[in-house]
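Open the model in a viewer and keep the selection panel at hand. The stops below follow one another, each with something to select.

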Amino acid sequence: MARPSKSGTLTELVLEIFRLNGLLIASGDALVAEIGLTSARWQVVGAIALQQGRAPVAHIANAMGLTRQSVQRIADELERAGIVEFRHNPHHKRAKLVTLTAKGHALNDAAMDLQKPWVAALAAGIDRSALEATLAVLTQFRARLEEPT
């Protein structure tokens, strides 16, 4: 049987990523449900934490590869829950900084405590060099998709 073309293999990879994404969201929802988060909220909280605890919505969305509107909706929900707050941005009059509250920091820490054994179990039995190669390939694909057309 002939090997699929490079384009065919990439198509299979894209389909596998779609399936994996769905499973990651469902697994993430289950993992952080006990602390009152969803995968979507966890992503935003984590992205804010990676931005040293404060960033405009547009920067958070860009870092996550999401639309500004979807991140704004989640940030508004998180504000109502007391997980984030909006603060004055000295660099932009209208784009407020989203910052984690003490509750937000505690939730992020709790989520990361849950994530560590979960991700260790996922990584068990997978060669580190295979993970590194996969990361490199996916990073290249993302960079190509981010290039202007």
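**Start at a helix pair**

Select α2 and α4: the two are roughly perpendicular to each other, because angles of 65 to 115 degrees are classed that way (under 35 is roughly parallel, over 145 roughly antiparallel, the rest oblique). Their packing angle is about 90°, and the axes lie 10 Å apart. Axes here are lines fitted to C-alpha atoms, for helices over the stretch in contact, with angles from 0 to 180 degrees between N-to-C directions. Helix α4 covers residues 68-80.

Show side chains next. On the α2 side the contact (heavy atoms within 4.5 Å) uses Ala40, Arg41, Val44 and Val45, and on the α4 side Val71, Ile74, Glu77 and Leu78. By class this contact has 6 nonpolar, no polar and 2 charged residues. Nonpolar covers Ala, Val, Leu, Ile, Met, Phe, Trp, Tyr, Cys and Pro; charged covers Asp, Glu, Lys and Arg; the others, Gly among them, are polar.

This is a predicted model, in which local features need pLDDT of at least 70 and side-chain atom pairs count only at pLDDT 80 or more, while totals for chains, interfaces and linings use all residues. Residues are numbered from 1 along each chain as its sequence is written, and side-chain values use heavy atoms, with hydrogens and water left out.

**Whole chain**

Zoom out. The chain has 6 helices and 3 strands, in the sequence pattern α-α-β-α-α-β-β-α-α. Helices (H or I, at least four residues) and strands (E, at least two) are DSSP runs numbered from the N terminus. The C-alpha trace spans about 60 × 40 × 25 Å along its principal axes.

**The second partner of the tour**

Select the strands. They form an open sheet of 3 strands in the order β1-β3-β2, with antiparallel pairing; two strands pair if DSSP finds at least two bridges between them. β1 (54-56) and β2 (84-87) are the edge strands, each pairing on one side only. From one strand to the next the twist averages 30°. β2 and β3 (residues 97-100) are joined over 4 bridges, and Arg87 has Leu97 of β3 as its bridge partner. Bring α2 back: α2 lies across β1, β2 and β3, at about 100° to β3.

**The largest pocket**

α1 gives the most, with 11 residues. Helices that each supply at least two include α1 (6-32), α2 (39-50) and α6 (128-146).
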